[in-house]
Amino acid sequence: MFRRGLTVIEASRRIDLGPYAQWHGPARLYANVERAYREFRNEPADAPRDLVKILDAVLQSRESKGNRS
């Protein structure tokens, strides 16, 4: 998805969690995808991040996966 140019949020929404979709906290997927994208871009682990943007995207990802609790 990174190589195809999808954004982190687009990739997070498209990943099928399969049998794990009902686990608590599926929105954490966004944070993991965001971290992977940073590695793919060769960004240092301690590079500044926009935490407000990340948390907003986690909420959006959570809602798009149907987990509102």
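Modeller: Quick ground rule before we start on this predicted model: helices here are DSSP runs of H or I, at least four residues, numbered from the N terminus.

Biologist: Fine. Where does asparagine 42 sit?

Modeller: The protein chain has three helices and zero strands, running α-α-α from the N terminus on. Of these, α2 covers 28-40 and α3 covers 51-64. Asparagine 42 lies in the loop between α2 and α3.

Biologist: And is asparagine 42 buried or exposed?

Modeller: The cut-off for exposed is over 50% relative accessible area. Asparagine 42 comes to 70%, so that residue counts as exposed.

Biologist: What is the phi of asparagine 42?

Modeller: Most residues other than glycine have a negative phi. Asparagine 42 isn't a glycine, yet its phi is positive, at about 60 degrees.

Biologist: Over to valine 8, in helix α1. Is valine 8 buried or exposed?

Modeller: Helix α1 spans residues 8-14, and valine 8 is part of that helix. Buried means under 20% relative accessible area. Valine 8 has 12%, so this one is buried.

Biologist: Which residues is valine 8 in contact with, leaving aside neighbours within four places in sequence?

Modeller: One of them is glutamate 34, 26 residues away in sequence but 5.7 Å away in space, C-alpha to C-alpha.

Biologist: Zooming out, how much of the protein chain counts as buried?

Modeller: The accessible surface of the chain is about 5300 Å², with 53% belonging to carbon and sulfur atoms. The chain has 69 residues, and the buried share of them is 29%.

Note on methods. Residues numbered from 1 in each chain as written. Predicted model: local features only at pLDDT ≥ 70, side-chain atom pairs only at ≥ 80, totals over all residues. Heavy atoms only, no water. Helix = DSSP H or I, 4+ residues; strand = E, 2+ residues; numbered from the N terminus. Buried < 20%, exposed > 50% of the residue type's maximum accessible area, 1.4 Å probe, protein only. Contact = heavy atoms within 4.5 Å. Areas by Shrake-Rupley, 256 points an atom, 1.4 Å probe, with all protein chains shown as cover.
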